[in-house]
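Please read the points below alongside the structure.

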Amino acid sequence: MKKYIKYLIAVCVTLTAGGCKKDLNLVNKSAYTYDTFFTSDAAINQGVIADYATFLHVGLWAREWYYIFDLMGYDAKNDAALQGDLLGLAQYNFSANQPQLDAMWASLYRMILRSNVVINRAQAWTPANTTEQAHQKQYIAEAKFLRAYAYFNLVNLYGRVPLRTDYQPQPTSDQINLPRTAVADIWAFVEKDLKDAEIDLPLSYAATDYGRATKGAATALLGKSYLYEKKWTDAVTELAKLTQPPFTYALAPQYNDLFDDPNQDDPGKNPETILQVMNQAWTDWGIGNQYYLFGGEEVWGGKATHSARAQEYGFNDWSNTFITTTAVKAFTYPNPQTNATYVDPRAAYTFYGDAASGGQTAYCQSCAISSSIPKVPIPYPYKYDANGNLITATTGYHWLKYEYYNKVESFGGPQSGINGQVIRYADVLLMLAEAYIQQGNTGGQPLALINQVRSRPSVNAPLYTSLGGQSQAMTILMRERQLELTGEQSRYFDLIRWGIAKQTINTERQAEDGTQPFQDKNVLLPIPISEKNANPNVAKDISGDWN
């Protein structure tokens with residue numbers, strides 16, 4: 001290479017001065033640019049798919065998301081295997097340089113960036129026919145939904161954040177270094193995006209496009225946004241739409257079908273899903289291998305999109321976390337009809353434990369017949385070693401939700417095809433019940449919604465005959481959300497928005513491990529140090545190196 005460079009220099013010296021002034025940089029006329037790539041239906045669609053792919057980037061649903069909110073919401077606690085910065089999340093001693101929080105912030109803003117690019121280019125595109133015109137509206141609506149999803153999480157977790165509303169190919173310094181925006185303005189932007197998306201998103205998709213945001217997803221997230229903003233009337237109006245035609249959502253008869261089937265990609269098999277991360281089915285939507293979410297560069301595996309939760313939480317695999325004893329105890333409460341001690345059937349779909357706790361007491365019920373060891377089924381908490389000898393496993397309660405130990409003895413690698421439930425119908429029913437209760441309505445409407453969730457065929461818990469006054473009704477609603485949504489990264493958000501995070505988590509932690517780690521500042525997450533270093537207008541707005 002050096003010989004060729006010297007030759008070119010020598011040639012230039014022998015040429016006239018005018019000849020040497022010619023630009024020797026060649027332009028690749030086949031290369032795509034911002035202006036030339038997004039000029040067709042297929043290209044805009046690729047941009048939208050790249051936007052969805054962000055769900056499976058580090059910081060979000062591939063890995064960090066479940067650790068952050070299971071640990072901080074105290075659904076999960078660390079097992080001995082959990083170390084390093086992840087342990088910091090469990091102990092609430094993280095700071096502005098916490099890697100998982102930094103990755104989450106970056107991925108949410110990456111989703112916003114990609115949404116802004118899609119909207120910008122789709123609006124500049126001239127469709128060739130009516131089909132493409134419909135696609136243009138759909139693509140913009142999908143991007144607005146994803147942008148709203150990102151800002152919904154950012155405003156809840158961080159409060160005031162930079163509001164990036166469009167894409168600038170050559171941004172100025174002021175456009176790059178945006179200051180933080182008022183919380184009310186961010187919520188207004190989220191509402192506007194979701195209202196727009198609600199108009200132009202389809203009710204459903206063909207099988208090849210399962211996982212894309214639907215009209216129902218926009219309606220659900222808008223209703224959820226109103227609930228979080230304490231706009232109770234608007235929340236009722238929006239969430240109630242999902243219980244009526246043209247929507248056809250219903251509770252899945254088998255609760256465990258939501259969380260243990262790695263081949264659940266057909267929503268027709270699961271009428272409860274409103275939005276899910278399509279692990280495994282989105283294989284062409286992200287590139288990596290089974291270790292991609294750890295930054296691994298192994299040569300095997302090819303393309304992969306998946307979650308590592310099954311492997312990492314699995315008691316027979318890496319066993320990084322337990323379900324908390326506090327969460328387990330919540331499943332035992334007074335029978336609403338007899339007041340006798342009652343164990344909720346959802347316990348057996350949520351965790352492995354003993355009979356008294358209601359947890360599942362066996363695994364490997366449907367393991368492959370070709371497996372010689374272990375025997376089928378195997379009593380928990382025991383397992384077999386490689387020689388078939390029975391050995392005692394770790395004690396305590398372990399996760400069943402998002403595991404499929406009923407089908408395999410162990411996973412063998414951190415790649416789970418179980419889809420991530422982002423929004424599901426049971427959550428909508430409970431949010432709608434809450435919106436009624438928060439307005440002082442504790443009568444038949446919220447009662448029927450809560451009982452509908454409890455009467456799912458595979459659960460069939462005794463129904464409430466009355467919710468009592470508003471305080472008692474909220475207590476029932478809070479417990480119902482905990483039982484139904486344990487391990488779904490919901491409880492942290494619930495405790496924060498109800499204003500009881502500090503007292504609840506510290507009380508539970510004091511009882512379980514003798515600590516009270518939640519501080520007043522933890523109501524919001526710290527603005528990542530990477531953002532402060534990159535954006536001086538954010539840096540000067542930070543108090544106490546936190547938020």
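1. Arg309 is placed over the face of Trp399, 4.9 Å from the ring centre. This geometry, like every value below, is computed from a predicted model.

2. Across the whole structure, the search returns 40 aromatic pairs. One of them joins Tyr255 and Tyr349; the ring centres are 5.8 Å apart and the planes meet at 40°, so the pair is classed as tilted. Tyr255 belongs to the loop between α12 (232-241) and β4 (273-277), whereas Tyr349 belongs to helix α15 (residues 347-350), so the contact ties together parts 94 residues apart in sequence. With 0% relative accessibility, Tyr255 counts as buried.

3. Phe259 also takes part in an aromatic pair, with Tyr402 as its partner; the arrangement is edge-to-face, with 5.2 Å centre to centre and 75° between the planes. This pair links distant parts of the chain, 143 residues apart: Phe259 is in the loop between α12 and β4, and Tyr402 is in the loop between β13 (398-399) and β14 (420-424). Tyr402 is buried because its relative accessible area is 6%, below the 20% cut-off.

4. Which residues form one aromatic cluster? The members are Phe315, Tyr352, Tyr363, Tyr380, Tyr404, Tyr405 and Phe411.

How values were computed. Residues are numbered from 1 along each chain as its sequence is written. This is a predicted model: local features need pLDDT of at least 70, side-chain atom pairs count only at pLDDT 80 or more; totals for chains, interfaces and linings use all residues. Side-chain values use heavy atoms; hydrogens and water are left out. Rings of Phe, Tyr and Trp (its six-membered ring) pair if their centres lie within 6.5 Å; planes under 30 degrees apart count as stacked, over 60 as edge-to-face and the rest as tilted. Helices (H or I, at least four residues) and strands (E, at least two) are DSSP runs, numbered from the N terminus. Buried means under 20% relative accessible area, exposed over 50%, partly exposed in between (1.4 Å probe, protein chains only). A charge sits over a ring if NZ of Lys or CZ of Arg is within 6 Å of the ring centre and within 35 degrees of the ring normal.
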